[in-house]
Structures are given as C-alpha cells and as structure tokens.
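Thanks for making time this morning.

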Amino acid sequence: MPLRAGVVDAVMVLPRQRIRRRKTTVAAAAFDEDAITLAAEATLELLNRTPAKPKALLLATVSAPLCEGGAVQMVAELSGLAGVGLHVQEHGGTIAATGSALASAAGLIKSGMAPVVVVTADTRRDTAGTPFGDGAVAMLLDAEGSLGSLAVVGSAAEAFPDRWRAGDQAGVQAGDDSLLPFGPAAAHRSALVADSDACTLITVDGPQIDRAGLLGCAALPATLLLSGGGPVSLVVSAGGITHAVRFEPGPDFAGASADAHAVLSGGVDEMVQPPVVRVAGFDPYASVARTWRERRQDLALEGARCVDCGRVLFPVPPACPYDGPEAKLEPWRLGRTGTVLTFTRDHLFPLGAPLTMSVVDVDGGGRFYGQVAGDQTVRIGDRVQLVPRLLHEGGGRRQYYWKVRPMPDETTSDTPELTEST
Amino acid sequence: MPIAGEVAIVGVGITQFGVLHDRSYSSLLAEAATSAVADAGLTAKDIQAAWLATAEPLLAGLVGDSGAALAEAIGFAPRPVTRVSNFCTSGMEAVRGAAMAVAAGEYELCLAVGAEKMRDVAPRESLLAKTANHTHPTLSKGRTAPGQFALVANRYLHTYGYEPSLLARVAVKNHNHARLNPKAHYRKPITVEQVMSAPRVAEPLGVLDSTPTTDGAAAVVVASRAWAERHARRYAIIEGVGLAVTEGYYSVHYRDSSDFLGFAATRHAAQVAYSQAGITHPRSQLDLVECHDCFTITEIVNTEDLGLAERGEGGRLLLSGATEAGGDIPVNVSGGLQSCGHPVGATGVRMVAEVTDQVTGEAGDRQVPGARRGLAHTLGGPGVISCVMVIGSPG
C-alpha cells in the first residue's frame, strides 16, 4: 500500500483529572497543562520506553497556543529532540489532521527518513470553557514495527462547517448540529472503505471514549490503541476533510494496548480543582532574550558536570562553585526521576497557591527545585518524575518548565492537608 | 586583624518598629541617626562618614537605594554615605563597613544606620509580589521566603524526629521576651496553640512562625577604641566579625551542598568571628545571643550553626529553657525578629545596638545580669549570606 508505516510503539497520556461532561467522564487538563505539555509528555514517555533517534517529529493539534509562532519546536525542545537535522511538521486545521500527519510520516519513511514520531494532542474547549476531552498519543513509526502497521488508504476533501474556532476565540464554536447528519462523513466513508459497517467513524461529535472524551486529533490513534486486538478500520472526518486509516496489530500490540487502558481507567474523578489563586499584581517578568538564551536550561534541564569534582551543576554557573574557574565543565542533562529530599506546601505564592514546592535528589546526580504538578503534594522520600508543564504566561508568552510529579505507583496524598512528618 | 578589639560602638538609637503609616522613610532614618548620635554625646556634624543599609528601596518609592537618602534626612551634605545591601545581613554589613573604615584610620567617627519602610504597600504586595514577579522567570517561580525556610523545617523535623510543636516554642519564647521591649512590633505573649492554629504560610510554618512586615530604623555610632577610651560615655568593643557568602542567586536549592538542616554561611561567619574574638566554647563564653529568627525554625538551626548546640540538638536546647531570659544562654531577649519585626536593613543594626546596651549594662528591664559579651547574627538570601559579630564590654 502506498501510504504505509510500521508502528514500533505508541503511548497515550491523559491529564490526571476526570470531570463529568454531560453523560460521560472526560479527561481535563490541569491549569499547568496544555497541548504542548501533553504532546511533550507523550513523546518523552514514548522515547523512554523505546529509545530511538527520530529523524522527524510531526505534531497534529488544533489547540496550539499560538496561531503563528509554532508549537512543534517547543515539543522538540521539551523532548530533547531539537537540533540540526530534525525535520518537524505541524499539522492542524481540523481534528482530521492526524490523517495528514500519518500520510506524511509514511511518505518520509518511504523516502528513507526514519524513524518518525507522530504526536497528536488537544485541549479543546467549548465556548463555555468546558473541555471536550484532553489528551495526547505519540507513535513511533518506521518501515516495520512490532506493534503493528497502519496505512492511510484514502482521503477526501470538501468544505463542511461543523466546528471552527477563530484566532481570537477561546472556545470551539458549533454551527448547527442538525446539519451534522447531512455532512459528507458518511458518504466519504462509504466511498473510501469497502466494509463500512466494520469501520469506526470519528467526527467532531464522537464517539466519546469514556474517561477520556473526544480527544481531538488524538482520537484516532487513541481509538486504535484501545481497540480489541484485531484489524481496525478507522475514518476521521472533520470540516469536510476525511482520511481513512487501516491498522493491523502486531505481536507487541497487546502490551501497549493494556498500558493505554490502564491510563484510561486511571485519573482522579470529580477532583475538586482548587481555583488557581491569583493575587492582584502577579505579572512575572519575562524577557525573550533570556528565554532564548536559557532555553536548554528551561526546556531540556541541561546543566553541567564538573570534570574535577564530578558534581552535577544545574543551573549552570560560569565556573564550578567548588573548584573555581580552572575546573572544566561538560554538558549534562538532568535525569527525569528522583527522590524527594524536602518540600513545603506554600500558601503565599500568587499563582497556584496552595502549591507544593519540592527539592528532589535527581537520579544520576544533581538536584531539582520546583513546583509539584497540578494540586498534588509529596512527602520526604517519595519517588518522583520530572514532567513538562506550563509555568506561567509572563510577558504574554507561555513559559514552559518542569514540575515534580509523584510516580504513578506511589500512594500519594491527593488532599492539600499536610500529613504529619514523623 | 585591624577591626577586632580596636573598633567601638559608642552610641545607639532605635526607632519604634511597627506599622508606622504616619512616619516616612526619611523621618525614621533621621530619628535613628540623631538618637544614636545624641546617645554618643555628639551632634550629626561630628560624624565623618556614614553607611546606610536599606535592602528594599522599591517598597519605599525607590528611596534608600543610594546614600543620598541620608544627606537630606540629617543635613549630612557633603560627607560620604555608602549605601549597602546584602539581603538580610545589610544592617550588619553597614556596621562592618563603618568598622573597616575606622580600623583603617580613614575616619574617626562613623554612623551605621539601617532603615526600611516596608508597609507603604500591603504586605502581600510587598516582598511577596516583588519576589514573585521580578525574580528569575523559571528558577524562582514558586519560591517564597517562608517557603525556603519551610524546606528546612520539614527536613529538620523529619531527620531528628521532633514534634512540629517544637517550632511554636520559639515564637512563644520570643513574644514573651518582647513584653519588655517597648520598641517591638508585637509585645503580647502568645501560646503554642495560637501559633499552631494560625493560618498556614508555608507548611509547617504559619503566620505566627514568621516575622511580621515592619517599618523601622536603627543606628549606631562607630568609633576607634582610642576615641572611645577618651570621649565615650559608655562603649562596647567589636571583638570579632565575620561575613560569609556561600551560594549564588538562584542556585542554593539546586546545589547538593545543602543538607537543609542548617546554613553553612552562619557556620563560616561564626568561625571567623569566634577566631578573632578568641571564642572556643560559645555557649559558656557568650552571655547572650541575638540571632536571625525570621522564622521559628531559623532560630533552632541558628543555635546549632553558632555552636551553642550540637547538630540536631537545637531543639533540645530550646526545650530545656536554656535560651529563655534567665537561662544560661539567652537567645533573642529583645524579642527577636519574631516580635520586633524585620525592617530588613534595620535589623542587623538593631541587634548590634541591643547587644551594646546589654554588655554596657543599659538594657533596662531586659538586662541579662552581668552580661559582658554577646553575639549578633544575621542571615540572608535566604541562607547564602551570614554576618556574625561578637561584641563585648571593654577591658
């Protein structure tokens, strides 16, 4: 088949919070998550599970924070992929963009540019600000893959006004939902797929994945990953753009699917998300020059290691504080796991309070000091991960950084009350 | 060393500390300076140079970020005024600067004054908003001053197994001491229950574990020993002074050099000051200590870092009653930062003034009987800079 790729691995990431939306439960991003952090988290987890040196990173999203400026290069920086030689693409327009990203990936692979990461992520909101269902799926594609193989078997394009969002609008606007049955989705499916009855149709309206929601661009790969284990036929159609995708599972599909199901059934229901407390006057200083100069520090946690004393230094000083300017420093990237040395639950900081701050002894050397993600807290001795998060929007630009998150298998406190330390 | 034993404090002045809405920065500066000068039996015209400590001029309309603030306040023109700022050690930095100039023989009589107007803005918008907004866009976001000491409190309680109520006892002790200090911001006794049930600031610290936000000023007149012997009504001698800077700006929590159980800066500064002053056993060789109790935990670890107790034993020292007025090593009989408050630049000067009064027998109701040698300690950054000064009666 022409537009075909092997799937080496696939990972789904959902925010921790689950809220009720009409008759279903959907995943909802915390105040410090967005499409970029979800995409980066999924990409990082993918590469952690299956180390690879991707030649290309393709992002499909309709919730990129900027209309111009780019999102995929942020994902590249946060995933440690940025640099000369990386080919990136940013697909958008409709939630059918996943099909175009997959088609493009297949073409790149056939031309010898492999492996390719395709990451899909969305945090779409309706006009009332309620999430449709937030999440991300990242896939590692190559000529062959043990998780399976997929192919974009056909496409169609015409104009159909089902959902849209203008640059200055915060929520996705519906046209007239009574128009939806008249849309081209069904006709496109019949035209592109031989056995339409066995084909799942993904549109702006459904299907809802219980405990995830609509998932936007991530809906197609999520549906694929959560499927039963046989061949899958999917059609995604939005705005009149349609792609038909066929997937054949491989020997490693069952394991990856089980992991995705575990992510789906996880999360914390009906979480009372504390309002993000903002005290008047919180307007953090930001400098585009500094943001650029310290991008590797902020986005890749790149520090240094003193060759003389062996200490890991983050952030990087001009000289080793212990051995002075004569000692040589070599670049060093902080690990992404560690152990909590100490912490506090701060009630004063004017964004996100109460929030937990933590000092983490990072595995492999160095320390990290920063916020615990969302509204979670930690205890001394907890095993934690460092995850990419939105830190603030000072100076009108989103500042990404890393936050501390308890490892999933820890029993952690979900309540703000501090447990007595003994 | 030129300072140790050769520089004297010959006059002191402290304003009221509190929420002083009817007082301007300049008027506080002027009051502290003129009362110190008068206490020394001098007039402002006799002073040859001055050091001004103001750490937070942004809160006072950018007044105090230069020595110019003093010229008008006490008619000091055209004499030199050096403005110093070194986090919470600023006040002692001013005294140290004046002491070095006197020890160098450059001047005979200098003024060290610290002043701060912190309450022209509401407390929440003052230091908190400033540090939240203007500091590093990533490395410092989430960082608050109480939060950084809370990291130490949690690690300390976890490591040594003390009950959290230990911290409250510092506040209770120091507020009780302040009953006898009319200049203190807070003067009423409080209970452990009140401290533990006060609103949380950065757990385990609450509002009553924390120094309040306070206006105030303090000044001392610094002279050579020779001048003091000839002219001073009463004077104390700087027997030793150490200043230590241990870490960079945003790096302190990211470096693995800290165990979060104390502050190396205090230990280094104390070592220098003790060595100059000939102190080998501080607990028995000091009669009182004014140390930097910005938060309750800070006093506890300070006593360890200053060598008054072994590592981990600061809690037991506190529980024994030894650091209460009447105990064998009274700590913060003035009420400390807990009760006096912490107009940042003024604090170190206030401590030097307090110890001077104590070792010259002029501490009134708060007098530690027979006090001849005391210590002043400030800590800033938090934790990356410390100044320790040993001050004793002459002879």
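One term before the rest: angles under 35 degrees count as roughly parallel, over 145 as roughly antiparallel, 65 to 115 as roughly perpendicular, and the rest as oblique. What you see is a predicted model, in which local features need pLDDT of at least 70 and side-chain atom pairs count only at pLDDT 80 or more, while totals for chains, interfaces and linings use all residues. Residues are numbered from 1 along each chain as its sequence is written, chains are lettered from A and ligands numbered from 1 in the order in which they are written, and side-chain values use heavy atoms, with hydrogens and water left out.

A few more terms. Helices (H or I, at least four residues) and strands (E, at least two) are DSSP runs, numbered from the N terminus. Axes are lines fitted to C-alpha atoms, for helices over the stretch in contact, and angles run from 0 to 180 degrees between N-to-C directions.

I start with chain B. Helix H5 (residues 145-160) of chain B packs against helix H11 (residues 296-305) of chain B at an angle of about 65 degrees, and their axes are 9 Å apart. H5(B) and H11(B) are therefore roughly perpendicular to each other. Their crossing is left-handed, a word used if the near helix is turned anticlockwise from the far one by less than a right angle, and right-handed if clockwise. On the H5(B) side the contact (heavy atoms within 4.5 Å) is made by Phe149(B), Val152(B), Ala153(B) and Tyr156(B). H11(B) brings Ile297(B), Thr298(B), Ile300(B), Val301(B) and Glu304(B). These residues divide into 7 nonpolar, 1 polar and 1 charged. Here Ala, Val, Leu, Ile, Met, Phe, Trp, Tyr, Cys and Pro count as nonpolar, Asp, Glu, Lys and Arg as charged, and the others, Gly among them, as polar.

Ser90(B), Gly91(B), Met92(B) and Val95(B) of H3(B) meet Gly345(B), Gly348(B), Val349(B) and Val352(B) of H14(B). This contact has 4 nonpolar residues, 4 polar and no charged.

Chain B also has two cis peptide bonds to point out. One runs from Ala77(B) to Pro78(B), with omega near 0 degrees, and Pro78(B) is in the loop between helix H2 (68-73) and strand E3 (81-84) of chain B. The other runs from Glu203(B) to Pro204(B), with omega near 10 degrees; Pro204(B) is in the loop between strands E5 (200-203) and E6 (205-206) of chain B.

Now chain A. How many strands form the open sheet that runs from E5 to E11 in chain A? There are 9, in the order E5-E4-E6-E7-E1-E8-E13-E12-E11, with mixed pairing; two strands pair if DSSP finds at least two bridges between them. Strands E5 (87-91) and E11 (199-202) of chain A stand at the edges, each with a single partner strand, so one side of each is left without a neighbour in the sheet. From one strand to the next the twist averages 25 degrees.

Within this sheet, E8 (residues 148-157) and E13 (residues 241-249) of chain A run antiparallel and are joined by 9 bridges. Leu150(A) stands opposite Phe247(A), and Gly148(A) has Pro249(A) as its bridge partner. E12(A) and E13(A) are also antiparallel, over 7 bridges. They form a hairpin with 2 residues between them, and Gly239(A) in the turn has a positive phi of about 65 degrees.

Chain A has a further open sheet of 3 strands, in the order E3-E2-E14, again with mixed pairing. Its edge strands are E3 (24-28) and E14 (268-269).

Last, the two chains together. The contact takes 45 residues from chain A and 37 residues from chain B. Between them the chains bury about 3900 Å², 56% of it on carbon and sulfur atoms; buried area is the accessible area (1.4 Å probe) that two parts lose on being put together, summed over both. Leu348(A), Arg367(A) and Tyr369(A) supply 19% of the area that chain A buries against chain B, more than any other three residues.
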